Every structure is written in structure tokens, then in C-alpha cells.
Amino acid sequence: ISLLFIRWEILLLTIVVSVISLYTSRIFGDKVEEYSKKVSAATEKYTDRIKEQIAGLPVTQAFGLAKRFESKINASGELEKERCNFAEKQGKEGYKAMVISIFGINAINMLTFVLCVLRIIAPEVIFGSINLTNQVGNSFGQLISYRLKMAGARPYFAKAEMQSADEEPKA
């Protein structure tokens, strides 16, 4: 609302930048969710292998195959590779979203400066306007960051929900 009193063009550009930031964060969040699903699947596969090995531990010990058991437990390379890949890709998607947001906020600040130079708005207003738009930009930056984190956690929430539904007693 404060931006409306300064100049409607600044408010309009701020709204456009905000919508673009939210839209791109959704796109990047979907990508992060896909990466997270891969990590979740790799973790599940590794955990299933370990459970299988633990269930067969008495047989493994009886036949002297303890080294094989140990090698299966230590074979977490695929899981670690997926985790590293996820962290790298999540960081890249977050970086892309933040760059788009920063460009938008800088566009708003440039518009404010041009309006001051053209004497459409008073030069004293530039500091308040830039402060407001930077606060909006920081808020959207945090929102984008949280959206990407939630997108990364979504597959784990889905699995937890499925497990709790399986554990509920059936009437």
C-alpha cells in the first residue's frame, strides 16, 4: 500500500516481480521435489537391502558370510551419490530463483531512480521506496527458500503419511 502512495508504477512493477518470483519458485520447487524423490528412492533401496541382510544375519553367520554382510552394509555409494546430487541441484535451483528475484528487485529500484531523475517523484522518496522494495525482495527471497525446502521434504512427508495410514487399525 505504501508503494501506491509513492507511485503506482512502482507498485505495479513490484506486484509483477512478486508474481514472477512466486511462479519461478514453483517451477524450481517441482524440480527440487523430483530430485528429492530420487534421494528418497535410493534411501529406501539401501534401507531395504540392510533390512534383508539383518533378517538373514543368523544364516549369514552360520555359513561364514559375515564379510558379504559387511560389504552390503558399507555399499552406500549410490545413496551418497544421490544425496550429493540432490544437494547440488537443490542449491542450483535456489540460486536460479534468487537471481530472478534479484533482477526483479533491481528493476524496481532502477525504475524508482529513473522516476526521480525525471522528477516524476521527489528525490527524497527514493530512499523510502528502495527500502520498501528491498524488504519485499527479502521477504520473497525467504519465501522462495522455504518453498524449495518444503518441495525437497514433500516426498518424505508422503512416505510418512502412507506408513501411518498402513499402521492404522482397520475396522
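Which helix gives the largest share of the lining of the largest pocket? Before getting there, a word on what you're looking at. This is a predicted model, where local features need pLDDT of at least 70 and side-chain atom pairs count only at pLDDT 80 or more, while totals for chains, interfaces and linings use all residues. Residues are numbered from 1 along each chain as its sequence is written, and side-chain values use heavy atoms, with hydrogens and water left out.

Let's start with the overall fold. The protein chain has 6 helices and 0 strands, with helices (H or I, at least four residues) and strands (E, at least two) taken as DSSP runs numbered from the N terminus. Of its 171 residues, 29% are buried, where buried is under 20% relative accessible area, exposed is over 50% and partly exposed lies in between (1.4 Å probe, protein chains only). Take the contacts (heavy atoms within 4.5 Å) with a separation of 6 or more: 83% of them join residues 24 or more positions apart.

Now for the pocket. Its volume is about 210 Å³, that is, the space filled by probe spheres set on grid points, which are joined across faces, edges and corners. On a 1 Å grid over the protein atoms alone, a pocket is an open set of points where a 1.4 Å probe fits, with protein on both sides within 12 Å along at least five of seven lines; lining residues have an atom within 4 Å of a point. Back to the opening question: α2 provides the largest share of the lining, 6 residues. Both α2 (8-55) and α6 (125-167) supply at least two residues each. Among the lining residues are Ser40, Asp48, Lys51, Tyr156 and Lys159. By type, the lining splits into 1 nonpolar, 4 polar and 4 charged; here Ala, Val, Leu, Ile, Met, Phe, Trp, Tyr, Cys and Pro are nonpolar, Asp, Glu, Lys and Arg charged, and the others, Gly among them, polar.

Next, have a look at methionine 98, which sits in helix α5 (residues 77-117). Methionine 98 is partly exposed because its relative accessible area is 30%. Setting aside neighbours within four places in sequence, methionine 98 touches Gly141 and Ile144. Glycine 141 is 43 residues away in sequence, yet the C-alpha to C-alpha distance is 6.3 Å.

Finally, the cysteines. Cysteine 84 is exposed, since its relative accessible area is 52%, whereas cysteine 116 has 8% and so counts as buried. The structure holds 0 disulfides, a disulfide being a pair of cysteine sulfur atoms within 2.5 Å.
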